[in-house]
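My entries follow the order in which I looked things up.

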Amino acid sequence: RQVIFSGIQPTGIPHLGNYLGALKQWVDLQDSVPSETKLIYSVVDLHAITVPQDPQRLRQYKREVLATLLAIGIRPERSILFYQSSVQAHAELMWILSCTASAGYLSRMTQWKSKLSLSEDANAMDTGSKAKLKLGLFSYPVLQAADILVHRATHVPVGEDQSQHLEFARECATNFNHTYQPHLIAPQTILSPAKRVMSLQEPHLKMSKSHANPLSRILVTDSPQEIKKKVMAARTDSINSVSFDPVERPGVSNLLHLLSILDKQSRSPEELGTLHAGLNLKNFKTLVAETVAESLDGIGARYNEVMSRDDGKYLDHVEKKGAEKARESAEETMALVREAIGF
Ligand code: AQP
């Protein structure tokens, strides 16, 4: 039986990168896979605390992300939706996997290396800054592996930035299976064609929820006016025409990429660059803003409706039901795991 698992951190309202890179696939899978395929989607709050979080704000973000998932079209009667911290087996399996996982492999993870600034200069950080790095930031790929393996997921739809962590999750399954019994399943990655949506303000960075500048990202709940404001303010260059040239014109090229991802005729950024060569940047940005707004049409209104339904209790109800089902799913695996270890 196929099981699909994926997660999103409650670190703010999801943006166009989250949506096109991962969440839209979550929605589409509901109708494209057979009805017996189990779909499990989690708001991964345990991951969010790898960096400091204000408790009130974290609680709010969890609700906002859950409401967004419902607003984009995740149906709780088809997909299991829950907060990661509601299912304690995730943390339990993380510890168990930690005892067979390779610390060397973890230290080679690109995200960790970039946190350590090792890619630029091995000595760039003084000991004071190193001491501020927390263990959870180093070991969270083990938690991510546990999230997936505890539900014995066969497939995991994620953005490209997560591919390396998925490889590590497969390694965790193999390590456990060799040490104990072959109870865990090595999952396959499903990559979205959108792969990586870039920041509107710094075209070399990926669009991110936690970036300080709100103009760098389009939220899936943004109104057409907000989308227009952000796209018009997107960093481009002083050449007032359109061409696809990622090296010399990263800003314009990113907008062409975005247009290509959303293009109903699946034309490449190069093709669209040629097609729109005659437009000035203002008209080109207007076209991009309208295309993005169309792709997110109705999400903001549904979000507001879901947030306020039953005085906000609807969200609690969805989560409670989802957590019950997720606990059941995780317990099936944990019974086998505990038995194999000797607990
Ligand atoms: N820019 C992106 N382009 C394509 N896919 C993306 N994803 C994230 N950013 C992009 C995919 O979205 C899913 C959920 O991501 P996450 O919330 O678990 O964490 P993240 O990857 O760290 O995303 P953010 O937005 O950058 O959050 P913060 O700011 O909290 O770190 C994942 O499948 C991811 O691949």
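**Entry 1: domains.** I began with the spacing of the domains. The C-alpha centres of domain 1 and domain 2 lie 32 Å apart. I noted that this is a predicted model. Next I looked up the bounds. The assignment gives domain 1 as 3-197 + 311-341, and domain 2 as 223-295. So domain 1 is written in two pieces of sequence, by that assignment.

**Entry 2: the core.** I then turned to the largest nonpolar core. It holds 87 residues. Which of them touch the most other members? They are L93, L97, L149 and C172. Helix α3, residues 55-72, gives the largest share of this core, with eight residues.

Not counting residues up to four places away in sequence, L93 touches A146, L149, V150, M334 and V337. One of these, L149, is again among the core members that touch the most others.

Entry 3: Is L66 buried or exposed? It has 26 other C-beta atoms within 10 Å. The cut-off for buried is 20 or more, so L66 is buried. Leaving aside neighbours within four places in sequence, L66 is in contact with V43, L81, L315, V318 and E319. I checked one distance across the chain as well. L66 and Y303 are 237 residues apart along the chain, yet their C-alpha atoms are separated by 9.5 Å.

**Entry 4: V43 in strand β2.** The contact list of L66 includes V43, and I followed it. V43 is found in strand β2. V43 has 26 C-beta neighbours inside 10 Å, so it counts as buried. Apart from residues up to four places away in sequence, V43 touches I8, P10, K62, V65, L66, Y83 and Q84. For E77 I noted another distance. V43 and E77 are 34 residues apart in sequence and 17 Å apart in space, C-alpha to C-alpha.

**Entry 5: the strands.** I went on to how β2 pairs. Strand β2 covers residues 38-43. With β1 it pairs in the parallel sense over six bridges. V3 stands opposite K38 in β2, and F5 has I40 as its bridge partner. β2 also pairs with β3 in the parallel sense, over four bridges. There, Y41 has L81 as its bridge partner.

How covered are these strands? In β1, five of the six residues are buried. In β2, five of the six are buried too. For β3, residues 80-83, I looked at the side-chain directions. I80 and F82 point one way, while L81 and Y83 point the other way. All four are buried.

**Entry 6: the ligand.** Last, I listed what surrounds the ligand. There are 20 residues around it, and T11, G17, G21, G159 and S210 come nearest. Which elements give two or more residues to this shell? They are β1 (3-8) and α1 (16-32). The largest share, four residues, comes from α1. By type, the shell divides into six nonpolar, 10 polar and four charged residues.

Terms used. Residues are numbered from 1 along each chain as its sequence is written. This is a predicted model: local features need pLDDT of at least 70, side-chain atom pairs count only at pLDDT 80 or more; totals for chains, interfaces and linings use all residues. A residue is near a molecule or strand if its C-beta atom, placed from the backbone, lies within 6 Å of it. Ala, Val, Leu, Ile, Met, Phe, Trp, Tyr, Cys and Pro count as nonpolar, Asp, Glu, Lys and Arg as charged, and the others, Gly among them, as polar. A nonpolar core is a set of buried Ala, Val, Leu, Ile, Met, Phe, Trp, Tyr and Cys residues joined through C-beta atoms within 7 Å. A residue is buried if 20 or more other C-beta atoms lie within 10 Å of its own, exposed if 12 or fewer, and partly exposed in between; C-beta atoms are placed from the backbone. Two residues are in contact if their C-beta atoms, placed from the backbone, lie within 7 Å. Two strands pair if DSSP finds at least two bridges between them.
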